[in-house]
Amino acid sequence: MNNYALGWSDAWDRHLEQHKTEKPEHLARIIARHKSVFPALTESGERLNLYIPGKFLRGFSATTLSPAVGDWCGLGERFIDESNEPSAFIETLLPRKTSIVRTAAGETSDEQILVANVDVLLIVSSVNRDLNINRLRRYLLLATQGGPHPIICLSKMDLLDDECLMALNEIEQAFPEVRRIYTSTISGAGIDELRSLLKEGSTAAFLGSSGVGKSTLINALMNTTVQKTGDIRAVDQRGRHTTSGSELFFVPDGSIIIDTAGLRQIGVVGDEEALNQLMPTISELGKSCRFADCTHEAEPGCAVQSALSAGLLEQSEFDAYTQLGRELAYAQRKGNQRLEAEERKKWKQRTVNNRVRTMERKL
Ligand SMILES: Nc1nc2c(ncn2[C@@H]2O[C@H](COP(=O)(O)OP(=O)(O)OP(=O)(O)O)[C@@H](O)[C@H]2O)c(=O)[nH]1
Ligand SMILES: [Mg+2]
Ligand SMILES: [Zn+2]
């Protein structure tokens, strides 16, 4: 094993230069996560449990700063952990090339990193019951925002019926520029096409709802069972996912794949630009509105509203645009508040330090 087998490339050396970051002497890549322990592989192929050193723990509690599967780390001191396994401290976390970040479930709206340093994002949706254009929009938005190249993988093609066929057509029209792959692990359709996408040294991640067949596809690509799979009924009844966290695998042909646990909620993170890129029809129409800051709700001279009345734009598409826009604005406000809070904390600390200094001077 060497760096390149772990997914390193010359582009990474340039990436580090751009970020004025020195390449650590001892590198490892995170392949899984068990609570606060991060199993990783070193360039010599050694498996280590990585730990966050105490002095960094506070900083890492901010969720996007937390290490994630796919991350590259510089290694610090080595030791043997409580489970008697070779371990090391994470000394540095290399700047990410790409990241998939969503807002966490619940009310906190904290950003949460799902996977890091992914080149190709396979957004999996099964054609039988999962097909949902709005959900696909959300996944695509995460990819637009985070950097990896998105591909839509339509799984379980063996279960296709007339109703699904209509939904498939709708999806093809909605995202004409996004490549689609149609797979069935029963008939074997699409597996070779999927395999041809996996390039030596590049990392692909599978993302999608629980039960759509991500792990089954990964087992097919690996030609062996590396991941447990489950059936939909089991998932529904117990509300449990078969895959519990993300995990990184090395395909025999030299590429790397990451399996992720099915997502229930896909809280979006991003800016207006990402949304406009995802739904270009509406942003193009918006350029012809009379007011530059038109909200497309009830303003006079709104080109979007005219397109709606003329039947040139689907109401459902407009509703999705409005809903996503609202969520993005909310996430952005939350993000700003968090930054402000962190900034305030810093100031408080500085004031305390100054006071201590003043007192010292007086003594
Ligand atoms: N008919 C059909 N069933 C499939 C196909 N691929 C997977 N399945 C079945 O779908 C069920 C769920 O598959 P998994 O691979 O566990 O799904 P997953 O996306 O990994 O789910 P989580 O790990 O919970 O996120 C299993 O019972 C599979 O056998 C397919 O192409 N066709
Ligand atoms: Mg799975
Ligand atoms: Zn308008």
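**Sheets, cores and cysteines in a predicted model**

Me: The protein exposes about 19700 Å²; what share of it do carbon and sulfur atoms supply?
Reply: Accessible areas here come from the Shrake-Rupley method with a 1.4 Å probe, and for residues only the protein chains shown count as cover. Of the roughly stated total, about 19700 Å², the share from carbon and sulfur atoms is 49%.

Me: What kind of model is this, and which pLDDT do side-chain atom pairs need?
Reply: Residues are numbered from 1 along each chain as its sequence is written, while chains are lettered from A and ligands numbered from 1 in the order in which they are written. Side-chain values use heavy atoms, leaving out hydrogens and water, and this is a predicted model in which totals for chains, interfaces and linings use all residues, local features need pLDDT of at least 70, and side-chain atom pairs count only at pLDDT 80 or more.

Me: How many helices and strands does the protein have?
Reply: Helices (H or I, at least four residues) and strands (E, at least two) are DSSP runs, numbered from the N terminus. By that count the protein comes to 11 helices and 13 strands.

Me: Which strands stand at the edges of the open sheet of 6 strands?
Reply: Two strands pair if DSSP finds at least two bridges between them. The pairing in this sheet is mixed, and its order is β10-β9-β8-β11-β13-β12. Two of these strands have a single partner each, so one side of each is left without a neighbour in the sheet: β10 (180-182) and β12 (247-250).

Me: What angle does helix α3 make with β8?
Reply: Axes are lines fitted to C-alpha atoms, for helices over the stretch in contact, and angles run from 0 to 180 degrees between N-to-C directions. Contact means heavy atoms within 4.5 Å. Helix α3 (residues 133-146) packs on the sheet and touches β8 (120-126), β9 and β11 (203-207). Its direction and that of β8 make about 175°.

Me: In the antiparallel pairing of β4 with β5, which residue stands opposite Cys73?
Reply: β4 joins β5 (residues 86-93) over 6 bridges, and the two form a hairpin with 5 residues between them. In the turn, Asn84 has a positive phi of about 65°. The residue in β5 opposite Cys73 is Leu93.

Me: Which residues have the most contacts inside the largest nonpolar core?
Reply: A nonpolar core is a set of buried Ala, Val, Leu, Ile, Met, Phe, Trp, Tyr and Cys residues joined through side-chain atoms within 4.5 Å; buried means under 20% relative accessible area, exposed over 50%, partly exposed in between (1.4 Å probe, protein chains only). The largest core has 68 residues, and its largest share, 7 residues, comes from α3. Those with the most contacts inside this core are Leu50 and Phe175.

Me: Is His296 buried or exposed?
Reply: His296 sits in the loop between α9 (280-286) and α10 (303-309). Leaving aside neighbours within four places in sequence, its contacts include Cys289, Cys302 and Tyr321. Its relative accessibility is 9%, so His296 counts as buried.

Me: How many disulfides does a search of the whole structure find?
Reply: A disulfide is a pair of cysteine sulfur atoms within 2.5 Å. Cys294 is buried at 11% relative accessible area, and Cys302 is buried at 4%. Across the whole structure, the number of disulfides found is 0.
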